[in-house]
Amino acid sequence: MFDAVRNNRKIVQIFLVLICLPFALWGVDSYVHGGGAGEDPASVGDTKITAQQFQQAWRQQQDRLRQALGANYKSEEANTPEARLAVLNSLIDQRLLALEANQARLGVSDEALRNFIARIPSLQENGAFSMARYEAALSAQGLSQPQFEAQLRQDLTLQQLVGAVGESSLVAKSSTDAIMRIEAEERQASEFRFPAAQYSAQASVDAAAVKKFYDENARLFQTPERARAEYVVLSQEALLAQVKVADEEVKAWYDGHKDRYQSPEERRASHILLLDKDKDPAKTKAAAEAILREVQAQPAKFAEIARSRSQDPGSANKGGDLGFFARGMMVKAFDDAAFKLKDGEVSGVVQSEFGYHIIKLTGIHPGKQRSLEEVRPEIVAELKRQASAKRFAEAAEAFSNMVYEQADSLKPAAERFGLKVETSGWLAKAPKPQDLPAYGVLGEPKLLKALFADDAVKNKRNTDAIEIAPNTLVAARVVEYQPAAARPLTEVSAQIESGLKLREAAAQAKKAGEAKLAELQKGGEDKLAWSATKTFSRLQPLPAPPAAARAVFQAPVGKLPAFVGVTLDNGDYALYRVAKVSQPEAIDEARRKAVEREYSTLLAQEDFAAYLAALRARTKVEINQKALEASDR
């Protein structure tokens, strides 16, 4: 099952997106047994989804949105009852899947887990697994090896369950052919336009119409409420620049953590594995011993024998080669045997939970202690990070108190923490998305909201210190303010008149175009000067605006020529004369397979949604709306 899922990762990844949040937020044990006191947002079967679990998932979801949307992220739009319920439903789906996996006794063996980790490209060096890279990657994520491997084991277990559902979706050839016919259809059409501009001279707008539009759309003619601000940023990054690390500290750290900077011994081995398929250990062991005698008689043919006799699908075709591995990467029996061998030596028959192995050691990378000078930059960075994190934790509360207690200026806080008071340009209360990048840290919606609050605007008081990102606090104050104001009618009347004339001209173009269309559809004489024929295909760039292409593809073509009309974005009315509909003589087989995969994915998504619905239907799921609302406060 594990290999099948691994070979179909695309579908698995799509399913994992469907449940939104990472599965491995907590241990499987907490999924199965629940826990946590107080008001829980939901219960699934006999387990609880605690407020703490929900808040962790919610924070991670917001961090992902903030990273994905960048300047377009708005916390007030993301923090809605619907969004919070969606996150809770994702946790419920995860819990249902975890309970189902537990009931089905799905799991991932130690060897499968180690092999998966060993094949992660970023953890390899010169084509082989590197324990040093592994430890460095875990350290960067703040994870211990047991934590990471427990989380990964959970993810791989979930993939087995998800993969089983995804692989059950089958696509009928007739369905794929029908989609291909629709997709590959080509329509030959010509265009004739009724330009709105040619009717503009006939369009007339009086002063009353301009005044009426102005009165009904006053919000369109307002200058926005805006302000200029001073602000101070307290962040771990800013404090990092202030940290100095002495040579003595670096030496002391190195001496106390030498094991971190030691590359462990790695060994390379090949093996021949016999699985105990018949549940007859004596028989399987006897077969392994027979192969061992064959290997001992012809040691140079180990790889050849492994290819033909080994029952390990992952290594047999490579002559049994398992690559380099450090201690602890293999199951204990295999590990112990491999690290006792000399280079080139062949073991006896070794029994493990997977069967019977014959192991040949093919290489040794001795362990190596990295020198202090070699790792000095890493240690300095680590000590600076630790010191700045400590400084930030100590400074955050004092900074927040100071900007609140000395609310008429940001300078005291800036001076105390060695920060700079920055000044912004004009900031709109409700900025356009394209303007937000220029706002920098002040583009955070919570901070903008605080900056335009009554106390900040009227009394020029500092805002609270607001967390705009992990380990980043910002306090700001208004230094100049302009309220929203309506632009006078005299200033915008020409603009309004021009827009109304264009609207009237477009209406007249549409009226003339629809009249001609009705005439053509009834078989009237066609004397229009049509454009050159254009080919409309869903597989090629469109030769006309999207609205026109939709109209062409939707035109009934039982009788040709067929006529259709549409109003374009610029106000023109366009007629299209569809003269020919055709299908390519040959269908590209590669494209057929791609369509089949895409359709299969859609079906798999539907199947997975139905599977989750079925799990919900047979499991008692309760949502505590009051607790969910309380988590927002």
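Phe325 and Phe339 are both buried. That is where I want to start. This is a predicted model, by the way.

The two rings form an edge-to-face pair. Their centres are 6.2 Å apart, and the planes stand at 75°. Where do Phe325 and Phe339 lie? Phe325 is in strand E10, while Phe339 is in the loop between H16 and strand E11 (346-352). So the pair ties together parts that are 14 residues apart in sequence.

Stay with Phe325 for a moment. Leave aside its neighbours within four places in sequence. Its contacts then run through Glu265, Glu266, Arg267, Arg268 and Ala269, and on to Met330, Phe334, Asp335, Ala338 and Phe339.

Phe325 also belongs to the largest nonpolar core, which has 26 residues. Which residues have the most contacts inside that core? They are Ile117, Phe129, Tyr134, Phe325, Phe334 and Ile359. H7 gives the largest share, four residues. There is a second, separate core of 20 residues. Among its members are Leu91, Leu96, Leu97 and Ala101. As a general point, nonpolar side chains tend to be buried together in soluble globular proteins.

Back to rings. The count comes to 13 aromatic pairs. Here is another one. Trp530 and Phe563 have ring centres 6.1 Å apart and planes at 35°, so this pair is tilted. Trp530 sits in the loop between H21 and strand E19 (534-537), and Phe563 sits in strand E20, so parts 33 residues apart in sequence are tied together. Are these two buried or exposed? Trp530 has 18% relative accessibility and counts as buried. Phe563, at 14%, counts as buried too. Ring pairs also link Phe192, Phe194, Trp530 and Phe563 into a cluster.

Next, helix H21 itself. H21 covers residues 489-521, 33 residues in total. At 1.5 Å a residue, it should span 48 Å. Its end C-alpha atoms are 46 Å apart, which agrees. Where is the kink in H21 centred? On Gln495, with an angle of about 25°.

H21 has a set of buried residues. They include Val492, Ile496 and Leu500, then Ala505, Ala506, Gln508 and Ala509. Further along come Gly513, Lys516, Leu517 and Leu520. Remember that an α-helix has 3.6 residues a turn, so residues three or four places apart point the same way. What covers the buried residues of H21? The cover includes strand E5 (186-194), helix H11 (207-216), strand E20 (562-567) and strand E21 (573-582). After the helix comes Gly523, with a positive phi near 95°.

One more residue: Ser409. It lies in the loop between helix H17 (372-405) and helix H18 (411-417). Ser409 is partly exposed, with a relative accessible area of 22%. Beyond its neighbours within four places in sequence, Ser409 is in contact with Asn462 and Arg477. Ser409 and Arg477 are 68 residues apart along the chain, yet their C-alpha atoms are separated by 7.9 Å.

Last, confidence. The average pLDDT is 83, and 87% of the residues score at least 70. Which stretch stays under 50? Residues 1-37 do, and for them the model has 93 contacts beyond four places in sequence.

Note on methods
Residues are numbered from 1 along each chain as its sequence is written. This is a predicted model: local features need pLDDT of at least 70, side-chain atom pairs count only at pLDDT 80 or more; totals for chains, interfaces and linings use all residues. Side-chain values use heavy atoms; hydrogens and water are left out. Helices (H or I, at least four residues) and strands (E, at least two) are DSSP runs, numbered from the N terminus. The expected span of a helix is 1.5 Å times one less than its number of residues. The bend at a residue is the angle between axes fitted to the seven residues ending there and the seven starting there. Buried means under 20% relative accessible area, exposed over 50%, partly exposed in between (1.4 Å probe, protein chains only). Contact means heavy atoms within 4.5 Å. A nonpolar core is a set of buried Ala, Val, Leu, Ile, Met, Phe, Trp, Tyr and Cys residues joined through side-chain atoms within 4.5 Å. pLDDT is the predictor's confidence in each residue, from 0 to 100. Rings of Phe, Tyr and Trp (its six-membered ring) pair if their centres lie within 6.5 Å; planes under 30 degrees apart count as stacked, over 60 as edge-to-face and the rest as tilted.
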